[in-house]
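Here are a few notes to read alongside the model. Keep the viewer open as you go through them.

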Amino acid sequence: MWMALTTSDQDEVQLLGRIAAGDKHAFEALYRAYFPRLSRFIGRMTRSAPLIEEVVNDTMLVVWQKAASFDGSCKPSTWVFAIAYRKTLKGLKASDEPIESDAALYEDEAGNQPEQAFGRQQLQHTVAAALDQLPVAQRAVMVLTYYHDMAYADIADIVECPLNTVKTRMFHARHRLKDLLWNERESSQ
């Protein structure tokens, strides 16, 4: 399968090649590039700070150990996020801690007016709470699409399911979110 890689993707492919050769500086550069992205992704699925850090580190350990197995059949980000997704699912299954929503970890710092900042915080909290109520498979599709701007084909590779399954999960997730957000709006009036 041929795909056009962006300059950033090409840089990451080169980093993976250097990592496969044991270059610790290349690994550090990739780790720094992926830590915030993976933290946001995993955080939207679990909300447990210790689990987020553990899964990010486990994911990057696999990247370090298996960099030579990256075959270029997908984007580097698809490969890394697929590892993170599987590690997150394993972490959620192993964790018996209650999952708490901490929307403050993901808040936007912008906004000069206190009313706007408060409104934005409320909206973020409401959306985060609604996302928390989705099944993990639907939540993953939503997060990868809207927070990480990934294409459905890449998401299908990450979650290891057919493209049409991703579309179906997105369809059901949107309808469920619409209902959840509508119910929240109705109850707050």
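1. Start with R44: its charged end sits over the ring of Y147, 3.8 Å from the ring's centre. Bear in mind that this is a predicted model.

2. Now for the rings. Searching the whole structure turns up six aromatic pairs. One aromatic cluster is made up of F27, Y31, F35 and W64.

3. On to the helices. Two packed helices are described by the angle between their axes and by how far apart those axes are. For helix α2 (residues 24–46) and helix α4 (residues 76–94), the angle is about 40° and the axes are 10 Å apart. The crossing of α2 past α4 is right-handed.

4. Which residues make that contact between α2 and α4? From α2 come Y34, R37, L38, F41, I42, M45 and T46, and they meet P76, S77, V80, F81, A84, Y85, T88 and L92 of α4. Sorted by class, the α2 contact with α4 has 11 nonpolar residues, three polar ones and one charged one.

5. Helix α1 (residues 7–20) also packs with α4, at an angle of about 60° and with the axes 9 Å apart. α1 and α4 are therefore oblique to each other as well. On the α1 side, the contact is made by D9, E12, V13 and L16; on the α4 side, by P76, S77 and W79. How do the residues of the contact of α1 with α4 divide by class? There are four nonpolar, one polar and two charged.

Technical notes: Residues are numbered from 1 along each chain as its sequence is written. This is a predicted model: local features need pLDDT of at least 70, side-chain atom pairs count only at pLDDT 80 or more; totals for chains, interfaces and linings use all residues. Side-chain values use heavy atoms; hydrogens and water are left out. Rings of Phe, Tyr and Trp (its six-membered ring) pair if their centres lie within 6.5 Å; planes under 30 degrees apart count as stacked, over 60 as edge-to-face and the rest as tilted. A charge sits over a ring if NZ of Lys or CZ of Arg is within 6 Å of the ring centre and within 35 degrees of the ring normal. Axes are lines fitted to C-alpha atoms, for helices over the stretch in contact, and angles run from 0 to 180 degrees between N-to-C directions. Helices (H or I, at least four residues) and strands (E, at least two) are DSSP runs, numbered from the N terminus. A crossing is left-handed if the near helix is turned anticlockwise from the far one by less than a right angle, and right-handed if clockwise. Contact means heavy atoms within 4.5 Å. Ala, Val, Leu, Ile, Met, Phe, Trp, Tyr, Cys and Pro count as nonpolar, Asp, Glu, Lys and Arg as charged, and the others, Gly among them, as polar. Angles under 35 degrees count as roughly parallel, over 145 as roughly antiparallel, 65 to 115 as roughly perpendicular and the rest as oblique.
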